[in-house]
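I set down here, entry by entry, what I looked up in this structure.

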Amino acid sequence: MTLTKITAGFIPLVDAAPLIVAQAFGMAAEEGLEIDLVKEKSWANVRDRLAIGHFEVAHLLAPLAIAGTLGLPPLPAPVVAPMALGSGRNVVTLSHRLAGRLADLGIAADGTPQTAAAALKALIAERGGDRPLVLAVVHPFSAHAYFLRYWLRASGIDPETHVSIEVVPPPYMVDALKSGRVDAGCVGEPWATAAQCDGVGQALLPCDEIWTANPDKVLAVQQGWAAENEAPVLGLVRAVRRAAIWCDDPANRDVLIACLAMAEHLDRPAEELSASLSETFVGFGRQGLRGRFAAGQANFPWRSHALWFYRQMVANGQAVFDPAAASVAMRTFRPDLYRAALAGCEDGLPDADMRNEGTEEASRFFDGGIFDADSAAL
């Protein structure tokens, strides 16, 4: 059988695992596909190569998929997102030096948003206004940036004046903390665990604690290619969904770690990957829930998530609200393709495309906020 070849960009992160596993363990081949995986260092590179046609698909930041489809600068990259790539595994990580300073000050932080914010406020006050704390995110259009800013604002910390927020690609976050270039960073696994293993950082707050839904990455498909290749797109969704379920199975954990540790994939030590894949987050003496690859409908592309990200772009001055743009943002996520791909394969797929976020434990905001999707679209 001749396989349809798909070139896919990815960043070396744990949440790229379903795409990697789909190729490595035959799920893609069973759908008549061959995925040529291309590892990149930065999200800007992935976005640019999608835009100019080097990639048909990519492991991509959900907000960056929306921004590219909206035509926001610097380089428009229209895509569709027929599925999400799990949830969770982003962590606000404090430099080891500042974590030590908290200990010196006798300030405890137990991994909750409230105590983490109190600790950060103490460090901001000690630093003073002349040299604000530098916090890093992986891209301006990232879930990391929006979760961080949401948490800071809701906690009484102005992200524009009390701190400085800069961009550091995920593979460079450990070195940025080590060099002192940044004081803290919000980054996905395995890089938060790598910072702890290397003794340069300490996990302060998992983003699951800010918003339990914690949407982040999507399977992004170049818009024009998707329109002309619906059958391969649906096959890819099935393959990656099966891989995501496989990744969630504890019985496959050792094999998954060995696969991700390979040089062409994440190229990280097995013990570090094991820690980053553990079922619990460990930071400041507290254990909390970790992310999911597939469980709990973590792969469903909720349009309310896309709308929340668009509203954050507006709140942070990256876009001016327009109902037509809100519609484009929502239509970037394609639950119709997800359902079409899995029709007859799975039961219990959500009937709705949107939901009000914050009303259930699965989508709870730490400050009790409610995101009314219908009103937010107007």
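Is R127 buried or exposed? I find that R127 counts as buried, at 18% relative accessibility. Here buried means under 20% relative accessible area, exposed means over 50%, and partly exposed is in between, with a 1.4 Å probe and protein chains only.

**Basis of the entries**

I note that this is a predicted model, in which local features need pLDDT of at least 70 and side-chain atom pairs count only at pLDDT 80 or more, while totals for chains, interfaces and linings use all residues. Residues are numbered from 1 along each chain as its sequence is written, and side-chain values use heavy atoms, with hydrogens and water left out.

**Entry 1: the partner of R127**

I looked next for the salt bridge of R127, where a salt bridge is a side-chain nitrogen of Lys or Arg within 4 Å of a carboxyl oxygen of Asp or Glu. R127 pairs with D183, and their closest N and O atoms are 3.5 Å apart. D183 lies in the loop between helix 8 (173-179) and strand 8, and R127 lies in helix 6, so the pair ties together parts that are 56 residues apart in sequence. For helices (H or I, at least four residues) and strands (E, at least two) I use the DSSP runs, numbered from the N terminus. D183 is buried as well, with a relative accessible area of 5%.

I traced an open sheet of 5 strands in the order 7-6-8-5-9, with mixed pairing; two strands pair if DSSP finds at least two bridges between them. Strand 7 (163-167) and strand 9 (201-206) stand at the edges with a single partner strand each, so one side of each has no neighbour in the sheet. From one strand to the next, the twist averages 30 degrees.

I then listed the pairings of strand 8. Strand 5 (residues 90-95) and strand 8 (residues 184-188) run antiparallel and are joined by 5 bridges. Within this pairing, N90 has G188 as its bridge partner, and L94 has A184. Strand 6 and strand 8 run parallel, joined by 2 bridges; A136 has G185 as its bridge partner in strand 8.

How many residues of strand 8 are buried? I count 5 of the 5, so strand 8 is largely enclosed by the rest of the structure. Both of its faces are covered, with A184, C186 and G188 on one side and G185 and V187 on the other.

Helix 6 (residues 113-127) lies across strand 5, strand 6, strand 7 and strand 9, at about 135 degrees to strand 6.

D104 is exposed at 58% relative accessible area, whereas R101 is partly exposed at 30%.

**Entry 2: other salt bridges**

My search of the whole structure gives 20 salt bridges. One of them joins R242 to E30, with the closest N and O atoms 2.7 Å apart. R242 lies in helix 11 (residues 230-248) and E30 in helix 2 (residues 27-30), so the pair ties together parts that are 212 residues apart in sequence. R242 is partly exposed at 38% relative accessibility, and E30 is exposed at 56%.

I examined helix 4 (residues 62-70) and found 8 of its 9 residues buried, among them P63, L64 and I66. Just after helix 4, G71 takes a positive phi of about 80 degrees.

Where does S363 lie? I place S363 in the loop between helix 16 (335-342) and helix 17 (373-376). S363 is buried, with a relative accessible area of 2%. Leaving aside neighbours within four places in sequence, S363 is in contact with W211, T212, A213, R355, N356, E357 and G358.

Conventions
Axes are lines fitted to C-alpha atoms, for helices over the stretch in contact, and angles run from 0 to 180 degrees between N-to-C directions. Contact means heavy atoms within 4.5 Å.
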